[in-house]
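Welcome! Have a look at it first.

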Amino acid sequence: MKTDGVKLHPLASGDGPEPELMCIFGTGDLGRSLGLRLLQCGYRVVYGSRRPHSSAVVKGLNTLSAWALQNGLLAGRQVYLCGNNEEAKRDVAEMATKLGLTVVDKGSLSAAKEVEDFPLQLFPEWRMPLYVAFGLSAFFFLYLVIRDIVYAYVENDEDISYRIMISLANKITPVVSLIMLALCYLPGAIAGFLQLYRGTKYSRFPNWLDRWMLCRKQLGLLALGFALLHVIYSLIIPARYSDRQRVISNVLNEVKKNTTTPLYFDNTSAWRNDSLYALGILGFFLFVLLGLTSLPSVGGTLSWREFSFVQSTLGYLTLFLSTAHCYIYAWDRFLRKSTYKWYTPPDSMLCLIVPSVTLVLKLILVLPCVNRPLMRIRQGWERNRPKDEMGELKATNM
């Protein structure tokens, strides 16, 4: 058999039983790519086409792309299966598993309409993270407009609405980024405490926690996007017209008054600023590293232990550095009465609540007195298992 001028042979040995025959309807990119993968898995492949001598594209599968098939990026990808014949479904599931796919049984053939509509859905796995990102952005935008723009106009009769475009945006992006990063790791901590409370790992988590844990990757990538915007905004702030205008005005005022600003070096402020920048740079570097390893083409080259180390250990380190960056930015503003405009706390205080709670919960979980029973539970031990079953389990392990 040839496809695109390349002869294809199944990898199965000729000495063994004859490979199972698969028929693919369609000779387009998707059909050819799927056939190549099936041949590599040891199947025999026959193509069916309305135009045997042409390469017109014919619809094949709804949840896979030819690009993913060609590049072998199938690990962890889901395919949906529905049908009334359990034996046929079992055969298809076996074939899909050999290709490295994750099969999700959607039930009887009546669910086929839902599977057919799946490609028409717009980013289904991103829906909840996008709602969270939009909700947080909208809340802090309105909150900061009231605290900064409206407050200055009402109390000081000063119009600083121009700050909405850059200054206000540069406050919103780091706040949303930090909260969403914390939301990536908070469900894992909650799951750990839930397992400790139940004394087993075999009980299903609540649906809301399951959904939350399944969208952690998307939450993290959106958080990385907001962090990148924060970096860009911070870099262009010195080039703003208002900043240059303020510097020129200060210089002109000193020339007119024939005075100079006393040169006083504050060592504490220098340490604070350098620490702020250092933590921000390190945190963003690790943030980018987390984003890169979440890509299938990169994460697929890592072992499970390596991937877990990067996404868990380095992930919590990223959260710690980013939270410390925000704490240093806030500094002593918590204690200043002037920061509580109209008795509302500053945004730098609000954004620290979720990350701080997450880090405290993780700190509790890594304590030896808590971590040891949790590790035993995750290795299969159950608190309420009958004694005779525990004895059989010990005998088996011995």
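Among contacts in the chain between residues at least 6 apart in sequence, 72% join residues at least 24 apart; a contact here means heavy atoms within 4.5 Å. What you see is a predicted model, where local features need pLDDT of at least 70 and side-chain atom pairs count only at pLDDT 80 or more, while totals for chains, interfaces and linings use all residues. Residues are numbered from 1 along each chain as its sequence is written, and side-chain values use heavy atoms, with hydrogens and water left out.

The secondary structure comes to 16 helices and six strands. These are DSSP runs numbered from the N terminus, with helices being H or I of at least four residues and strands being E of at least two. The chain has 398 residues, and 34% of them count as buried. Buried means under 20% relative accessible area, exposed means over 50%, and partly exposed lies in between, with a 1.4 Å probe and protein chains only. The accessible surface is about 25500 Å², and carbon and sulfur atoms account for 62% of that; such areas come from the Shrake-Rupley method with a 1.4 Å probe.

Ile166 sits in the loop between helix 5 (127–156) and helix 6 (167–198). Ile166 counts as buried because its relative accessibility is 19%. Leaving aside residues up to four places away in sequence, Ile166 touches Tyr233, Ile236, Ile237 and Arg240. Ile166 and Ser234 are 68 residues apart in sequence, yet their C-alpha atoms are 8.9 Å apart in space.

Now for the rings. The structure holds five aromatic pairs, and two of these pairs are listed in the table below.

| Pair | Centre to centre | Angle between planes | Type |
|---|---|---|---|
| Phe139 and Phe140 | 5.1 Å | 80° | edge-to-face |
| Trp208 and Trp212 | 6.3 Å | 40° | tilted |

Rings of Phe, Tyr and Trp (its six-membered ring) pair if their centres lie within 6.5 Å; planes under 30 degrees apart are stacked, over 60 edge-to-face and the rest tilted. Phe139 is partly exposed at 45% relative accessibility, whereas Phe140 is buried at 3%. Ring pairs also link Phe139, Phe140 and Tyr143 into a cluster.

Trp208 and Trp212 both belong to helix 7 (residues 207–214), four residues apart, or about one turn of the helix. Trp212 is buried, at 17% relative accessibility.

Finally, the charged end of Arg376 sits over the ring of Trp381, 4.5 Å from its centre. This description applies if NZ of Lys or CZ of Arg is within 6 Å of the ring centre and within 35 degrees of the ring normal.
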